[in-house]
Amino acid sequence: MSDDDFGRLSALLDAVSELKQRPHLSSRAKTLFAGALSGYPIEVIENAVLAHLRDVAAGAFTTPLQPAHVVAQIEALHTADARPEADEAWAIALAAFDEMQTVVWTAEIAEAAGVARALLAVGDTTGARLAFRTAYIRLVTAARARREPLRWFPSLGRDRTLQHAALTEAARVGRLTEHHSKRLLAAPVPAGNPLLPGPSSEEISCPAADAQLKRLQALSQDMLNRWRRTRRIHRQKGAR
């Protein structure tokens, strides 16, 4: 936690103490408080404290605010938005690399897949998975801090049978509406890279998804170009 973040947390704790009509925490107590929450961005902590204050069961009492109260609210907020855990998201991303497969994913999964793509292209599955997990967790944390709602959108593969199965299942579990799924099934099967589809306005339910995918395309191409340059340099050195 940076000094600026600690300052924001300290001011927030003082305000909560005043609201609960409790004495301010000592500097040592604030340091312990910050240490207990050091794994979370300050924006996430602030949102969790506000959620605690709104909580009728806990926030209405004058009991001093504890780190455990904040962690409980963070976990509740994370569970409530239904975003996939990193391992489930990785399985979705892996399927997206197969041009025959249709996947229904989120902007965070799509962007994290772009980070892993170059490593996967050279056969480093373990490195790709670790890179994906790190990027995905960071992106999800940031999205939750901004209170962005979860939205799913499809990346259509070439196999019509697999497309039908994926979209039907997505409608069944509520990731797409049945109407949306039927309209997609009636559309032509797209060609090209399944990670970089050319979605129509009907295919995307998230207004920010198009921008995310464009950024994903640029990031993926940049990483691939850098890997090709590195390999060329190594070959030139080996030939000397």
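The model I am reading is a predicted one. I then took the pair F132 and Y136 on its own: the ring centres are 5.6 Å apart and the planes are 10 degrees apart. I noted the pair as stacked, because planes under 30 degrees apart count as such. Both residues belong to helix α7, residues 125-145, and being 4 residues apart they are separated by about one helical turn. I checked accessibility for the two, and both F132 and Y136 are buried.

**Other aromatic pairs.** How many aromatic pairs does a search of the whole structure find? I got 3. One of them is W105 with F153, whose ring centres lie 6.5 Å apart with the planes at 55 degrees, so I logged this pair as tilted. I then looked up where the two residues sit. W105 is in strand β1 (residues 103-105) and F153 is in strand β2 (residues 153-155), so the pair ties together parts that are 48 residues apart in sequence. Are W105 and F153 buried or exposed? W105 has a relative accessible area of 0% and is buried. F153, at 1% relative accessibility, also counts as buried.

**Charge over a ring.** I looked at W152 and found the charged end of R175 sitting over its ring. The distance from the ring centre is 4.0 Å.

**Helix packing.** I turned to α5, residues 86-96, and its packing with α7. The axes of the two helices are 10 Å apart, and the packing angle is about 120 degrees. With that angle, α5 and α7 are oblique to each other. I recorded the crossing of α5 and α7 as right-handed.

**Faces of α2.** Which residues are buried in helix α2, residues 27-36? I listed K30, F33 and A34. Looking down the axis of α2, I found its buried residues within an arc of 95 degrees, so they line one face of the helix. I then went to the other side of α2, where R28 and L32 are exposed.

**A positive phi.** I stopped at Q21, whose phi is positive, near 60 degrees, although the residue is not glycine. For context, most residues other than glycine have a negative phi. Where does Q21 lie? I placed Q21 in the loop between α1 (3-19) and α2. Its relative accessible area is 71%, so I marked Q21 as exposed.

**End of α6.** I looked up A121 and found it in helix α6, which covers residues 107-121. At 56% relative accessibility, A121 counts as exposed. I also took the distance from A121 to F97: their C-alpha atoms are 9.8 Å apart, and the two residues are 24 residues apart along the chain.

**Whole chain.** I finished with the chain as a whole. I counted 10 helices and 2 strands. From the N terminus on, I read the order of elements as α-α-α-α-α-β-α-α-β-α-α-α. What share of the 240 residues in the chain is buried? I have 38% for the buried residues.

Notes:
Residues are numbered from 1 along each chain as its sequence is written. This is a predicted model: local features need pLDDT of at least 70, side-chain atom pairs count only at pLDDT 80 or more; totals for chains, interfaces and linings use all residues. Side-chain values use heavy atoms; hydrogens and water are left out. Rings of Phe, Tyr and Trp (its six-membered ring) pair if their centres lie within 6.5 Å; planes under 30 degrees apart count as stacked, over 60 as edge-to-face and the rest as tilted. Buried means under 20% relative accessible area, exposed over 50%, partly exposed in between (1.4 Å probe, protein chains only). A charge sits over a ring if NZ of Lys or CZ of Arg is within 6 Å of the ring centre and within 35 degrees of the ring normal. The arc is that of the directions from the helix axis to the C-beta atoms. Axes are lines fitted to C-alpha atoms, for helices over the stretch in contact, and angles run from 0 to 180 degrees between N-to-C directions. Angles under 35 degrees count as roughly parallel, over 145 as roughly antiparallel, 65 to 115 as roughly perpendicular and the rest as oblique. A crossing is left-handed if the near helix is turned anticlockwise from the far one by less than a right angle, and right-handed if clockwise.
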